[in-house]
Amino acid sequence: AAGDLTCFRFSTENVPRGQWLPMWHEVYGRSLTRRIFTLPDSPFLRVHMTVQRLGRVREHSNSGGGVCLMRMSMSEGGTTRRTPELLSDGNDDVILYIQETGRRIVSQLGREATVGPGGAVLTSNADASTIILPEAPRLVGIGLPRKLMMALVPGLEDAFVRPLPPNPGILRLLLNYVNVLDDE
C-alpha cells in the first residue's frame, strides 16, 4: 500500500506504451506532487524514478509532514503542470529541484526561471505552476513540509522561482547527502 512505502522505484520500461502516462501520473502523484504531464511529439517517454520518504509517510492526497527525496531521469523533455484543480490535494510542500543534466523552465507566481545543469530552483506545491523540460533531464527533488520551512526561513516565499546558480559547494554537498541515503 502507498502508505506503507518508504522507498519505491518506477520505470516506464516495465509498462506497456499505451498505459505509461496514466501509470506515471499515479506514481508521480505519490512522490512529490500531483502534476499533469504532456509530451508534445513523442508517443513514449522513458522515465526512471526513485522516491524515498523520511519521517511521516505522505499519503497520495496530502503532504503528510515528511521529507520526500526523488531522483528522476527522462529520455526526452515534456511539460508538467500543477493546475489550480490539483491544488486541492492538500500538498503545500516546498520543493528544491536540483538539475543534474538538461534544463528546466519554471513558471510560478508570475515569475519564470531557467535552470541549467548544476543549478537549482525552489518551488511551492501550494501554487499553480508549469515546468517545461526542453532537454532530457536528470534531477533530484527534495520536498519539505512548508510549515516547517516557514518556521526556519523567514521570507521563504521570496526565494520561490529564483534560480540558484550552479554551486559546486553547497549543492554538491546536498547531493552527496542524497547519495548517502540512496546507498543506504
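1. Strands β1 (residues 7–11) and β3 are paired in the antiparallel sense over five bridges. Pairing here requires that DSSP finds at least two bridges between the two strands, and strands are DSSP runs (E, at least two residues) numbered from the N terminus. Within this pair, Arg9 lies opposite Thr50 of β3.

2. The model is predicted: local features need pLDDT of at least 70, side-chain atom pairs count only at pLDDT 80 or more, and totals for chains, interfaces and linings use all residues. Residues are numbered from 1 along each chain as its sequence is written, and side-chain values use heavy atoms, with hydrogens and water left out.

3. Strand β3 also pairs with strand β4 (residues 67–74), in the antiparallel sense and over eight bridges. Met49 has Met72 in β4 as its bridge partner.

4. Strand β3 spans residues 47–54, and six of its eight residues are buried; buried denotes under 20% relative accessible area (1.4 Å probe, protein chains only). In a regular strand, side chains alternate between the two faces of the sheet.

5. The protein chain contains three helices and 11 strands, helices being DSSP runs of H or I with at least four residues. From the N terminus, the order of elements is β-α-β-β-β-β-β-β-β-β-β-β-α-α.

6. Of the 184 residues in the protein chain, 46% are buried.

7. Among contacts (heavy atoms within 4.5 Å) in the protein chain with a separation of 6 or more, 73% join residues 24 or more positions apart.

Conventions. Buried means under 20% relative accessible area, exposed over 50%, partly exposed in between (1.4 Å probe, protein chains only).
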